[in-house]
Amino acid sequence: MVNTQTNSGNPETDLKYRRKKNAEEMRHQVISFALMIVFTLIAFLAVGYEGFSAWFAVPFILVLAVVQVGFQLYYFMHMSHKGHEAPALFMYSGVLVAFLTIICFLTIIWW
Amino acid sequence: MHAEEKMTYEKWPAAPEKQTLEAKNKFLGFWFFLGGETVLFASLFATYLALKDRVPSADHALAKDLFEMPLVFLMTMILLTSSLTSVYAMYHMKNFDFKKMQLWLGITVLLGFAFLGLEIYEFNHYVHEFHHTFTSSAFSSAFYTLVGFHGAHVTFGLAWIIALMVRNARRGLDLYNAPKFYVASLYWHFIDVVWVFIFTVVYLMGMVG
Amino acid sequence: MSTYAQKRGFGATLWDYLTTVDHKKIAILYFIAGGFFFVLGGIEAMIIRIQLAIPNNDFVSAGFYNEILTMHGTTMIFLAAMPLLFGFMNAIMPLQIGARDVAFPFVNALGFWLFFFGGTFLNLSWFLGGAPDAGWTSYASLSLASEGHGIDFYVLGLQISGFGTLMGGINFLVTIINMRAPGMTYMRMPLFTWTTFVASSLILFAFPPLTVSIFMLMFDRLFGSNFFVTAAGGNTIIWEHFFWIFGHPEVYILILPAFGIFSEIIPVFARKRLFGYSSMVFATVLIGFLGFMVWAHHMFTVGLGPIANAIFAVATMAIAVPTGIKIFNWLFTAWGGSVSFTTPMHYALAFIPSFLMGGVTGVMLAVAAADYQYHDTYFVVAHFHYVIVGGVVFAVLGGLQFYWPKMFGTMLNETLGKITFWLFFAGFHLTFFIQHFLGLWGMPRRIYTFLPGQGYELSNLVSTIGALLMAVATVVLVINIIITVKKNERIGNDPWGDGRTLEWAIPSPAPFYNFKQLPLVRGLDPYWIEKMEGKKGMTPAEPLGDIHMPNSSIIPFIMSFGLFVSAFGVMYRLDYAWGLPVLIIGLVITFGSMLARSLKDDHGFHIHKEDLIDDDNEKGVKA
């Protein structure tokens, strides 16, 4: 009944393997966290630095934000794991509607 | 496998958050809820972008007058770190280490409170230094509503995680509460996702002008 | 002896319904509440038609007319059509996919009570200083200027019931994905389940913009913010965009389940499988997708510019393609079938041309340049009543006749059903067909009276007579229901004789655990497949075992009641000293019951195998 999803017949080996896998995943999490911190720093520096014009800085920090959110979703929230097909479909549908709404509010709202 | 069964380290499954049908439903339903939340925050962002710097008179503060980089940077770092600590909590949940999970969740909660405190300080600062109140302009209404909705989510998330920690302090982990912890951590990450866009779109783009 | 089979008094029954988490009982609650609001909205419609029957009428005052008109639209869309469809989704969808319950029984109950209290709150406005009067669209420039608390009732009532709808949508999505019986693949799901699925996804993405915009209107009216106040930098078009980003998907949320109901009725009474099943599924998904890119066709005259108008016009016309696919598939399903003309089939066959007319005027309205002529005239009124009455209301009435036996175990009278149908059908076309011409002749919508000598007299009178016929039809329907309940003649599993889907394989009404053993699904129309092979019922997919069921709970009721209380507090906060305390008390009730729910473990209970076997021996066990 328990641990039916394991491969070998020996529960102890499986547990060890799982622990190792969890630890490995945690390492990936820490790496993505470090990258997120770096991206945040770059974004703040890009805005703080006088040399960049707004035309460069704004798209640049938006791209950084999107990448960072990708890390959050796929690593921290485990969307890279199996069994996330339906969540992914609905998140992306949500993103599509979000995108349409924001595009609309940036273009065809009166000013 | 019954959800309320007493668990041991040996019996603990690889994906405790999705072991029962109830857990699978909760997992999926919560993701769908986050899909809806995405649209909710997009609507708030859209409103903010449409109303940014829309003020009744020239003496009203604009985005570039208001925001200060150090404070926002500090808030961002705190919230990002709290995302990592909640990942640590889930890591220990998967390894059936209840004590460490509670510890990391506790750190997450503390960071959350620190963030919330800074946000309150920030709002207070705007109101008193710049007379930038909820009712002073369309810009201010949109700003406080967007950032305030996020703050309300942080508050709710804190209450939720604390309730879970207190409730299960004595009983430890089982397959009934593991999905609850997991879903609460998803919620916490989503709050961080929203913040990434808030600090980029509201604060950084506001400072760029 | 099973413990669930006792006869109960009225109090116990009431308590049972207040605390129920059973999707079939929640469906009945939706039907009762939705039916009540449907009658209420119908009375409001009658007042409108009486007022407009003759020129210069003074049956109601101009101000009261505005309130009646606003409440008619709001009630019919949010409190009648959607809840009635939610009733069908709750009653039928879990049975169709072979599930024992929905994914979140507790949340299901919460969704109903939120809708109920939101609707009640909205309608209390009649007694507390006047109803909202800015139209069901409540455009911000108008609604901010509206005096009194009418619009506040609108805002708070819809906010509360909107939360309920959102929860219902998520619940149905998860149910369909996670709880299908063995063998029930996506492409074997009945069309009603598919349309429920797509409509629920639309709810998930369409309601958040409504939530946000309603919050903003509430903040503007009650907390002094400036989202729509132009003098302070606000922008009133924001409301219009949000309302229609929600509002257009909303009409598909209404019509798709109606399509689903007809896609169930037609194959049963044509005794043929649905023609072009996969293209039907494809068309449903495509309509759902396109439904999000056309909202600005409600705003052609706002002045968004020719490019925006052109894009939205083309996208709108594109929706005619999947809708056309559906119309042809229904025709081809009936074509060559051995059609039996039952009441539900009457509605289905009348729906096709009626809805088609609404679709054609829809394409006419999509032509942005021509829309400047039609905009805000009775032509638009005729158009949306053709799609909503000719589509949704026909589906609700036909579906009620069709599924009544499955929900209550008795048959509605067919003769009375056909009388209802013919009266309603004739009345409907009499009322609304002429309104196309009224619109083209220049009669604006939302006016409380008109002058003699402009050529509107006869047409308006005809329209009012038609409305009377629909009212009579509704009365006949109510009589039919009363007679049927009184007679109480029990029927078997498959009363229509040609049921194709899983719900007809189990007793009517379904036992509260639905399926004693989950059925094995071997194809599209699973029950039909088994019948064609000479079998009496479904092949079970599992041995008889204990069934896990959720506990009843009063918490959903209390939680919703808390929001209801706090809504009064928010609204009267500035008028009376007791406003703020009431607001806080209401929120404490809501969040307190939320906390109680999460602190108290709820593992549900098990029905034991022996009791299930008992149920077999004593027929007529009440759920």
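Tutor: Helices are DSSP runs of H or I with at least four residues, strands are runs of E with at least two, and both are numbered from the N terminus. This is a predicted model, in which local features need pLDDT of at least 70 and side-chain atom pairs count only at pLDDT 80 or more, while totals for chains, interfaces and linings use all residues. Residues are numbered from 1 along each chain as its sequence is written, and chains are lettered from A and ligands numbered from 1 in the order in which they are written.

Student: Where is C:D525 found, by that scheme?

Tutor: C:D525 is in the loop that links helix 16 to helix 17 of chain C. Its phi is positive, about 55°, although the residue is not a glycine.

Student: Is C:D525 buried or exposed?

Tutor: Count the other C-beta atoms, placed from the backbone, within 10 Å of the residue's own: 20 or more means buried, 12 or fewer exposed, and anything in between partly exposed. C:D525 has 21 of them, so it is buried.

Student: Which other residue in a loop of chain C has a positive phi?

Tutor: C:S138 is one, with phi near 50° in a residue other than glycine. It sits between helix 4 and helix 5 (140-145) of chain C. C:S138 is buried too, because 25 C-beta neighbours fall inside 10 Å.

Student: Which peptide bond is cis?

Tutor: The one from C:S508 to C:P509, with omega near -10°. C:P509 belongs to the loop between helix 16 (457-487) and helix 17 (526-532) of chain C.

Student: What does C:N56 touch?

Tutor: Two residues are in contact if their C-beta atoms, placed from the backbone, lie within 7 Å. Leaving aside residues up to four places away in sequence, C:N56 touches C:T449, C:L451 and C:P452. C:N56 and C:Y448 are 392 residues apart in sequence, yet their C-alpha atoms are 9.0 Å apart. C:N56 itself is in the loop between helix 2 (23-52) and helix 3 (62-96) of chain C. C:N56 is exposed, because 8 other C-beta atoms lie within 10 Å.

Student: How is the length of helix 8 of chain C checked?

Tutor: The expected span is 1.5 Å times one less than the number of residues. The 34 residues of helix 8 of chain C should span 50 Å, and the end C-alpha atoms are 49 Å apart, which agrees. Of those 34 residues, 31 are buried, so the helix is largely enclosed by the rest of the structure. Helix 8 of chain C is followed by C:R271, with a positive phi near 55°.

Student: How many residues of helix 4 of chain C are buried?

Tutor: 17 of its 20 residues are buried, so to read it in words, helix 4 of chain C is mostly covered. It reaches 29 Å from first C-alpha to last, close to the 28 Å expected.

Student: At what angle do helix 4 and helix 6 of chain C pack?

Tutor: Axes are lines fitted to C-alpha atoms, for helices over the stretch in contact, and angles run from 0 to 180 degrees between N-to-C directions. Under 35 degrees is roughly parallel, over 145 roughly antiparallel, 65 to 115 roughly perpendicular and the rest oblique. Helix 4 (residues 105-124) and helix 6 (residues 150-178) of chain C pack at about 160°, with axes 8 Å apart, and are therefore roughly antiparallel.

Student: Which residue classes make up the contact of helix 4 with helix 6 of chain C?

Tutor: Nonpolar means Ala, Val, Leu, Ile, Met, Phe, Trp, Tyr, Cys and Pro; charged means Asp, Glu, Lys and Arg; the others, Gly among them, are polar. The contact of helix 4 with helix 6 of chain C has 15 nonpolar, ten polar and no charged residues.

Student: How many residues does the contact between chain C and chain A take?

Tutor: Chain C gives 14 residues and chain A ten. On the side of chain C, helix 8 of chain C supplies the largest share, four residues. That side has ten nonpolar, four polar and no charged residues.

Student: How many residues of chain B are in contact with chain A?

Tutor: 43 residues of chain B are in contact with 46 of chain A. Helix 1 of chain B gives the largest share of the chain B side, 15 residues. By class, the side of chain B has 27 nonpolar, eleven polar and five charged residues. Chain B as a whole holds six helices and zero strands, and 54% of its 209 residues count as buried.
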